[in-house]
Amino acid sequence: MSTASSPQPGSADGLAGAASVVIEGLHKSYGPLEVLKGISLSVGAGQVVCLIGPSGSGKSTLLRCVNLLEKPQQGRITIGDFDVTDPEADVDRMRRHVGMVFQQFNLFPHLSVLENCTVAQVKVLKRDKAEAERIARANLDRVGLSEKADSHPDQLSGGQQQRVAIARALSMDPSLMLFDEPTSALDPETVGDVLSIMRDLAAEGMTMLVVTHEMEFARDVADKVVFMDGGVVVEEGPAAQVIGAPKEPRTQSFLSRVLNPTQVQAPER
Ligand SMILES: Nc1ncnc2c1ncn2[C@@H]1O[C@H](COP(=O)(O)OP(=O)(O)OP(=O)(O)O)[C@@H](O)[C@H]1O
Ligand SMILES: [Mg+2]
């Protein structure tokens, strides 16, 4: 493991390179609804953690807290040496280093694929246009979409749009990538392309926190699997243990539903 999570020479903010993530005692409520009830988990620098759990368990809320799209009421999140939850934290500076890929791609529909991948580089990182385009093209090439640089999102398949979303995030040189069910909205035949890019990223040492129902991916790629239910971490451990031999009844019941989706079962509650 590298020491990439410590401040790098020449890095103004200590977030260059793959960063670790540590979440401690995180609480988040919406009004009276307590969605996260004291979540603690960590992702080592260069590691992949897959987050699984039923609908409404707080997975998206947790990811959104990590890059402060949501503000937790209690608890601490650090990315590398950077305390995200410090009220004095420079949120924009932190967000520059965190790439997020959503279920619904969220590309800018009025911009070309290339422009989608350059706009934040120019606006946020202040790169000049030529440099931004060079980096964008390299990342489009990485996801196998160089030839679509001038297309618009509505001319692409869902899988291609998701690959653009990944290229866009990578163009910002993130220290951490957050994925929220990146393949759930895709046609089955395009899921594999997106997962294979994510496998490559993991192999290259990107720190990744991934919400997914792709158990085979989790089993192959994750250093750790975390099962959440009702706003708490119920079980976590190596993928082979949590997915292959879960200890907790709630994990067992969730997995049997996910792994046998066509089997008719009584609703959980
Ligand atoms: N902005 C919000 N305002 C109020 N309640 C919210 C808000 N966002 C999420 N919630 C509630 O928080 C709970 C957890 O939602 P969250 O989206 O984190 O779940 P999830 O685990 O990602 O579910 P899914 O698998 O369906 O995506 C849900 O009950 C949801 O209705
Ligand atoms: Mg969600």
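This is a predicted model: local features need pLDDT of at least 70, side-chain atom pairs count only at pLDDT 80 or more; totals for chains, interfaces and linings use all residues.
Reader: At what distance from an oxygen atom of ligand 1 does a polar side-chain atom of Glu181 lie?

Author: The distance is 3.4 Å. In general, a polar contact is a pair of N or O atoms within 3.5 Å; within protein, one atom must be able to donate a hydrogen and the other to accept it, and residues adjacent in sequence count only if both atoms are side-chain atoms.

Reader: Thanks! Which residues are around ligand 1?

Author: The general idea is that a residue is near a molecule or strand if one of its heavy atoms lies within 4 Å of it. Around ligand 1, these are Tyr30, Leu33, Val35, Pro54, Ser55, Gly56, Ser57, Gly58, Lys59, Ser60, Thr61 and Glu181. By class, the shell has four nonpolar, six polar and two charged residues. (Ala, Val, Leu, Ile, Met, Phe, Trp, Tyr, Cys and Pro count as nonpolar, Asp, Glu, Lys and Arg as charged, and the others, Gly among them, as polar.)

Reader: Which helix supplies the largest share of that shell?

Author: Helices (H or I, at least four residues) and strands (E, at least two) are DSSP runs, numbered from the N terminus. The largest share, three residues, comes from α1. Both β2 (33-43) and α1 (59-66) supply at least two residues of the shell.

Reader: Where does Glu181 sit, and is it buried or exposed?

Author: Buried means under 20% relative accessible area, exposed over 50%, and partly exposed in between (1.4 Å probe, protein chains only). Glu181 is in the loop between β7 (176-180) and α6 (188-203). Glu181 counts as buried because its relative accessibility is 14%.

Reader: What should I look for in its backbone?

Author: Most residues other than glycine have a negative phi. Glu181 has a positive phi of about 45°, although it is not a glycine. Lys126, also not a glycine, has a positive phi of about 60°. Lys126 lies in the loop between α3 (113-123) and α4 (129-142), and counts as exposed because its relative accessible area is 66%.

Reader: How many aromatic pairs are there, and what describes such a pair?

Author: A pair of aromatic rings is described by the distance of the centres and the angle of the planes. Rings of Phe, Tyr and Trp (its six-membered ring) pair if their centres lie within 6.5 Å; planes under 30 degrees apart count as stacked, over 60 as edge-to-face and the rest as tilted. Here the count comes to one aromatic pair. Phe227 and Phe254 form this tilted pair, at 5.2 Å centre to centre with 40° between the planes. The pair links distant parts of the chain, 27 residues apart: Phe227 is in strand β9 (residues 224-229) and Phe254 in helix α9 (residues 249-259). Both Phe227 and Phe254 are buried.

Reader: Which other residues of helix α9 can I look at?

Author: Leu255 and Leu259 both lie there. Leu255 counts as buried because its relative accessibility is 3%, whereas Leu259 is partly exposed at 42%.

Reader: Which ring has the charged end of Arg168 over it?

Author: A charge sits over a ring if NZ of Lys or CZ of Arg is within 6 Å of the ring centre and within 35 degrees of the ring normal. The charged end of Arg168 sits over the ring of Phe108, 5.5 Å from its centre.

Reader: Which side chain does Asn139 touch through a polar contact?

Author: The partner is the side chain of Ser171, at 3.2 Å. Asn139 is found in helix α4, and counts as buried because its relative accessibility is 6%.

Notes
Residues are numbered from 1 along each chain as its sequence is written. Chains are lettered from A and ligands numbered from 1 in the order in which they are written. Side-chain values use heavy atoms; hydrogens and water are left out.
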